[in-house]
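Visitor: Could you walk me through this one? I'd like to start with what the terms mean and then get to the packing.

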Amino acid sequence: MEIVVVGAAGRTGRLVVEKALADGHGVTALLRDPARPVAEHERLTKVRGDVFDAGSLTGPLEGKDAVVVALGVTGRGATTVFSEGVRNVIAAARAGGVRRLVAMSSAGLETGHLPAVQRFVAGLVVDRIYRNIHLDLGRMEAEIEAGSLDWTIVRAPMLTDGPATPGYRAVVGGHLPRASRVARANIADYIVTHLDDPATFGRRVEVADR
């Protein structure tokens, strides 16, 4: 497949690029600064683009098979990078004939299924710390649902560094018990290995380590 990775220079985006290349895909890395470190490979194309500039996205997405959105932010203040960014990505995907969209989000957006103690901690600590990010991720998910593409939202708990591990867990359209953390490499593995999985189209997926 020919894949565009939005947020390719980020800590998870870089791993998506590396996994896709390792699996034989062609990858276009969308970067605000093409000089940022991303793996060098004959099947990798680095392209300057900004998710806040819809015009910069149309060319890179044209004729591709899928787009992966792995956006992130460095602070915890109010942001629209997720919602406005994905809105522009969806518009460019439609214009370029791309049907498949996979986007990273947070398992912290839904906590009603958690045991009482975890719900309390999530409400008292996690949601306060990440409130602005979660608000915009919620707006992003709404944009994706309304976007009429073959989308999958991959929700992750706390992200950690380190290698991919065998036996990580995933559930389509549900919640994982005791899902406290996941390696970024496992998220990248799930995204790339399910790019063409119709069972995940139009669904939210939770992924977590054992």
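Guide: Buried, here, means under 20% relative accessible area, exposed means over 50%, and partly exposed is in between, with a 1.4 Å probe and protein chains only. This is a predicted model, in which local features need pLDDT of at least 70 and side-chain atom pairs count only at pLDDT 80 or more, while totals for chains, interfaces and linings use all residues. Residues are numbered from 1 along each chain as its sequence is written, and side-chain values use heavy atoms, with hydrogens and water left out.

Visitor: Okay, Ala-8 then: buried or exposed?

Guide: Ala-8 is buried, with a relative accessible area of 0%. Ala-8 is found in the loop between β1 and α1, where helices (H or I, at least four residues) and strands (E, at least two) are DSSP runs, numbered from the N terminus.

Visitor: What does Ala-8 touch?

Guide: Taking contact as heavy atoms within 4.5 Å, and not counting residues up to four places away in sequence, Ala-8 touches Gly-13, Arg-14, Val-17, Ala-29, Leu-30, Leu-31 and Val-38.

Visitor: Moving on to α1, which of its residues are buried?

Guide: In α1, the buried residues are Gly-13, Val-16, Val-17, Ala-20 and Leu-21. They lie on the same side of α1, because they cover an arc of only 125° around the axis, the arc being that of the directions from the helix axis to the C-beta atoms. The buried residues of α1 pack against β1, β2, β3, β4 and α6.

Visitor: What lies 3.2 Å from a polar atom of the His-25 side chain?

Guide: That is the backbone nitrogen of Met-1. Apart from residues up to four places away in sequence, His-25 touches Met-1, Ile-3, Ala-20, Arg-43, Val-192 and Leu-195.

Visitor: Now the strands. How is β2 covered?

Guide: Both faces of β2 are covered, with Gly-26, Thr-28 and Leu-30 buried on one side and Val-27, Ala-29 and Leu-31 buried on the other. β2 pairs with β1 in the parallel sense over five bridges, where two strands pair if DSSP finds at least two bridges between them. Glu-2 stands opposite Gly-26 in β2. The chain crosses from β1 through α1 to β2, and this β-α-β crossover is right-handed, which is to say that, with the strands pointing away from the viewer, the path from the first strand over the helix to the second runs clockwise.

Visitor: How many bridges are there between β2 and β3?

Guide: β2 and β3 pair in the parallel sense over five bridges, and Leu-31 has Arg-48 in β3 as its bridge partner. Lys-46 also lies in strand β3, residues 44-48, and Lys-46 is partly exposed, with a relative accessible area of 27%.

Visitor: Which side chain does Lys-46 make a polar contact with?

Guide: The side chain of Lys-46 makes a polar contact with the side chain of Glu-40 at 2.7 Å. A polar contact is a pair of N or O atoms within 3.5 Å; within protein, one must be able to donate a hydrogen and the other to accept it, and residues adjacent in sequence count only if both atoms are side-chain atoms.

Visitor: What about β4's partners?

Guide: Four bridges join β1 to β4, which run parallel, and Val-4 stands opposite Val-67 in β4. β4 and β5 pair in the parallel sense over four bridges, and β4, helix α3 (residues 81-96) and β5 make a right-handed β-α-β unit.

Visitor: Last one: how many residues does the largest nonpolar core have?

Guide: The largest nonpolar core has 30 residues, and those with the most contacts inside it are Val-17, Ile-187, Ile-191 and Val-207. The largest share of this core, five residues, comes from α6. A nonpolar core is a set of buried Ala, Val, Leu, Ile, Met, Phe, Trp, Tyr and Cys residues joined through side-chain atoms within 4.5 Å. α6 is mostly covered, with nine of its 10 residues buried.
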